[in-house]
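The sequence and the coordinates are shown below, and the description follows.

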Number of protein chains: 2
Amino acid sequence: MPDDSQGVVGDLILNLERYVRLSGDDRRALTGLKAAPLVDARARGDIVREGDNPTVVRLVVEGWACRYKDLPDGRRQIVGFFIPGDFCDLNVYILQAMDHSIGAITPVKYLAIPPEMLESLTEARPRVAQALLWHELVNNSIQREWLLNIGARSALERMAHLLVELFVRLRAIGKAEGNSCHFPLIQSDLADATGITPVHVNRTLQELRREGLIELRAKRLKILDFERLMRLAMFNPNYLHLDHEGRHLDAND
Amino acid sequence: MPDDSQGVVGDLILNLERYVRLSGDDRRALTGLKAAPLVDARARGDIVREGDNPTVVRLVVEGWACRYKDLPDGRRQIVGFFIPGDFCDLNVYILQAMDHSIGAITPVKYLAIPPEMLESLTEARPRVAQALLWHELVNNSIQREWLLNIGARSALERMAHLLVELFVRLRAIGKAEGNSCHFPLIQSDLADATGITPVHVNRTLQELRREGLIELRAKRLKILDFERLMRLAMFNPNYLHLDHEGRHLDAND
DNA sequence: ACAGCGATTTAATATATGTAAGGGTTTCGC
DNA sequence: GCGAAACCCTTACATATATTAAATCGCTGT
């Protein structure tokens with residue numbers, strides 16, 4: 001849970017400060033978002049369904065969620081994960097009917113922010129607007145990398161890539177302890193996200209363990225050899241667009 | 001070639017009017033974009049390379065282009081196609097370093113628009129700004145559908161889906177004649193876009209032909225049974241977000 | 001402590017898709 | 001109009017991943 005001084009929007013601030021340096025006033029303005037209603041969602045339930053016409057923007061405050069699409073015959077593809085500090089639909093609501101669903105992985109707490117509240121925030125604080133735009137563009141970039149991942153990498157490489165990405169993102173909001181982190185995805189989530197079958201996800205994870213690259217049990221992921229895992233995944237951090245801050249990717253910084 | 005009254009930005013206007021009803025002043029303002037330099041790109045050449053730091057926004061005026069990413073070992077994934085009236089990077093340039101490349105499929109003509117020119121346009125014409133935002137969000141939605149396509153559909157379904165999508169988009173800018181259209185993609189383009197192998201693309205196309213669903217030769221695509229092709233692809237037009245105009249998807253309207 | 005259920009693991013088998021290589025055809029530059 | 005590429009197509013074979021099913025593990029709640 002976010003128990004820092006910024007309270008419930010602390011992870012968002014951490015998130016945005018990767019992109020833009022915020023002033024004290026910017027941070028205070030963001031903190032004002034906590035006036036929005038805080039909503040609880042049950043684990044494994046839907047938060048928004050394809051076809052809905054949402055009227056709020058959701059900011060994940062606690063827990064994991066995902067964006068997914070499904071086919072009439074039940075096949076399902078997760079197209080992105082949300083962790084605390086991520087917006088589910090900063091702009092998407094503008095399109096009226098949702099073209100995808102949002103589901104909770106764990107129990108989730110989110111702020112249901114009225115669009116006008118965001119508008120007045122971004123009008124008053126241009127740097128915040130800039131940071132939000134950046135955050136959104138990085139999301140699109142991640143989406144493109146996922147296409148490369150699913151379209152061009154082997155099952156093993158895909159898995160490795162997804163684990164590295166999630167670990168890097170979690171670390172960025174201070175949710176990693178050394179080289180390990182809480183990891184609530186079950187194997188069928190990984191299957192839906194990578195486009196491989198749950199049985200094959202299992203084989204793939206075993207291979208990553210056998211190779212001494214990871215440990216994964218009891219909802220806890222531990223990266224044993226970050227460097228080698230990144231090489232296997234052909235992980236190129238460019239697409240996260242963090243470099244302009246001079247940060248480096250190293251599991252132990 | 002766009003030889004209508006709006007000249008070189010005619011396809012853009014057609015494109016945007018699917019989303020928002022533009023006034024005469026809006027259209028005139030958009031027509032002003034043709035003051036930007038018109039650039040030629042050679043077929044099969046790169047227009048922007050991953051890592052570049054572009055300073056203009058590109059609007060495709062003639063020809064086809066694609067967004068793609070590649071891996072160190074040469075594997076390549078096309079993550080989107082651009083046809084006339086599409087922006088290549090309406091916002092992406094903000095992120096500084098490109099996380100993907102843009103390549104020409106055919107000879108391409110594009111307007112190289114300075115960001116300030118776009119900014120003054122959108123400040124003066126809010127409906128244009130709204131339409132551009134919509135266009136961008138639809139692009140992201142298409143990206144999500146592609147993830148579903150590559151992650152969850154079989155090779156045959158994937159192929160069918162891609163063909164339907166491209167046909168629908170071409171028709172929307174008046175580039176289809178009845179149930180057929182110019183189609184400059186070669187089989188290895190289709191392979192890179194669907195994440196299947198060129199040989200298998202060939203098998204897949206033959207099957208679509210054998211089933212009496214399409215004709216495809218000499219850079220010309222003809223949809224023989226639109227209804228059945230859509231069903232095979234599980235094509236749900238929601239993701240193109242055209243419905244608010246009350247349009248229907250029918251190959252012969 | 002145990003029941004019950006979801007999650008993981010294993011195994012056997014099936015199949016879609018990949019790989020490699022050769023021949024045929026269209027396209028395009030000159 | 002000719003020649004050389006570039007593209008398309010085919011075949012034979014290899015393999016990664018899917019499918020199905022069933023056995024174990026490990027929570028969660030009683």
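Tyr68(B) has Ser101(B) as its bridge partner in strand S6 of chain B. The two strands concerned, S4 (residues 65-70) and S6 of chain B, pair in the antiparallel sense over four bridges. Strands and helices are DSSP runs, numbered from the N terminus, with at least two residues (E) for a strand and at least four (H or I) for a helix; two strands pair if DSSP finds at least two bridges between them. S6(B), residues 101-104, also runs antiparallel to strand S2 (residues 46-48) of chain B, and two bridges join them. Here Val48(B) has Ile102(B) as its bridge partner in S6(B). In a regular strand the side chains alternate between the two faces of the sheet.

The model is a predicted one: local features need pLDDT of at least 70 and side-chain atom pairs count only at pLDDT 80 or more, while totals for chains, interfaces and linings use all residues. Residues are numbered from 1 along each chain as its sequence is written, and chains are lettered from A and ligands numbered from 1 in the order in which they are written.

In chain A, four strands form an open antiparallel sheet in the order S8-S9-S11-S10. Strand S8 (176-177) and strand S10 (214-217) of chain A stand at the edges with a single partner strand each, so one side of each is left without a neighbour in the sheet. S10(A) pairs with strand S11 (residues 220-223) of chain A in the antiparallel sense over four bridges. Within this pairing, Arg217(A) has Arg220(A) as its bridge partner in S11(A).

The two protein chains meet through 33 residues of chain A in contact with 33 residues of chain B, where contact means that C-beta atoms, placed from the backbone, lie within 7 Å. On the side of chain A that touches chain B, strand S5 (76-82) and helix H4 (126-152) each supply at least two residues. H4(A) gives the most, with 12 residues. By class, this side of chain A has 16 nonpolar, 12 polar and five charged residues. Ala, Val, Leu, Ile, Met, Phe, Trp, Tyr, Cys and Pro count as nonpolar, Asp, Glu, Lys and Arg as charged, and the others, Gly among them, as polar.

| Surface | Residues by class |
|---|---|
| Near DNA strand C | eight nonpolar, seven polar, no charged residues |
| Near DNA strand D | seven nonpolar, seven polar, no charged residues |

Of the 15 residues around DNA strand C, those that come nearest are Gln187(A), Ala155(B), Thr197(B), Val199(B) and His200(B). H7(A) gives the most to this surface, with four residues. Around DNA strand D there are 14 residues, of which Ala155(A), Thr197(A), His200(A), Ile186(B) and Gln187(B) come nearest. The largest share of the surface near DNA strand D, four residues, comes from H7(B).

Gln187(A) lies in helix H6 (residues 187-194) of chain A. Leaving aside neighbours within four places in sequence, Gln187(A) is in contact with Pro198(A), Val201(A) and Asn202(A). Gln187(A) and Leu205(A) are 18 residues apart in sequence and 9.0 Å apart in space, C-alpha to C-alpha.

Definitions and conventions. Near = placed C-beta within 6 Å.
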